[in-house]
Amino acid sequence: MYVITVCGMGFGTSLMLLMELQSIGKKHNIKVSGEALDMSSFKGKKADLIVASSEIAKTIDGSEIPVLSIKNILDKQEIEDKFLQFFNQNKKE
Amino acid sequence: MKNKTFLLPDAVSLSAEAKTPEDAIRLAGDLLVNAHISLPTYTDAMIEAFHTLGCYIVLAPHIAMPHARPDNQVLKAGFGLLRLNEPIKFGHPENDPVKLLIPLAGVDNHGHIELLQILACVLSEPMNIDILLSSQDVNEIINLFDAGKINEE
């Protein structure tokens, strides 16, 4: 699955999220690739999923790509739970 | 294994006084300047980024990670740690008030990915957060980030 993580500058929280998603992917044998982008450059990109901190996610309107909103970037459990829930809901398609 | 220090003693302040987010980011930036990590103009860029991009830098309860784009205002990749005596609000609906600021500076992508890995590794452990929020011992705090490097291998 291809994931875009988004933050204000594309190198802080977005990179932290992407690294965490890749390690979750490894743990559950889900292939996760993607890129960390800033708020202007993610638009128009194709991906299966967008992941961002809650304050950033709020500003992503009208995206055709599903958005996961993470309240606490340092909470591995929150990220894992939300990601797996998304993965399990979508894998049948 | 080489013993690499990610957090320099000059970049740590455990009892800072600030009234506004701007004051706090300024003090956090001063730490990076003290530790020869960045130039004062990088501090201005962090404050500017907070103004334009908002409170999402409060990435977890009580913890903010101010940063700006990596460029020539940064002398070497690094981070600092500023603890406020009195927590202040940054405007984040869930993670306010902020007690701990971790200003981050990157020069190139590779170096700062390593820093982010160390930070994520140390900060995702609640016991470490307790130490960061309460310890009076600078060395204890610095050692957390060395141990983080080792655990990461």
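In which loop of chain A is A:Asn29 found? In this predicted model, where local features need pLDDT of at least 70, side-chain atom pairs count only at pLDDT 80 or more, and totals for chains, interfaces and linings use all residues, A:Asn29 is found in the loop between α1 and β2 (33-38) of chain A, helices (H or I, at least four residues) and strands (E, at least two) being DSSP runs numbered from the N terminus. Residues are numbered from 1 along each chain as its sequence is written, while chains are lettered from A and ligands numbered from 1 in the order in which they are written.

Most residues other than glycine have a negative phi, and most peptide bonds are trans. A:Asn29, although not a glycine, has a positive phi of about 60 degrees, and A:Asn29 is exposed, with 6 other C-beta atoms within 10 Å (a residue is exposed if 12 or fewer other C-beta atoms, placed from the backbone, lie within 10 Å of its own, buried if 20 or more do, and partly exposed in between). Phi is likewise positive, near 60 degrees, in B:His36, which lies in the loop between α1 (21-34) and α2 (40-53) of chain B and is partly exposed, with 13 other C-beta atoms within 10 Å. A cis peptide bond, with omega of about -10 degrees, joins B:Asp96 and B:Pro97.

Between the chains, 20 residues of chain A are in contact with 23 residues of chain B, contact being defined by C-beta atoms, placed from the backbone, that lie within 7 Å. To the side of chain A that touches chain B, α1(A) gives the most, with five residues.

Terms used. Contact = placed C-beta atoms within 7 Å.
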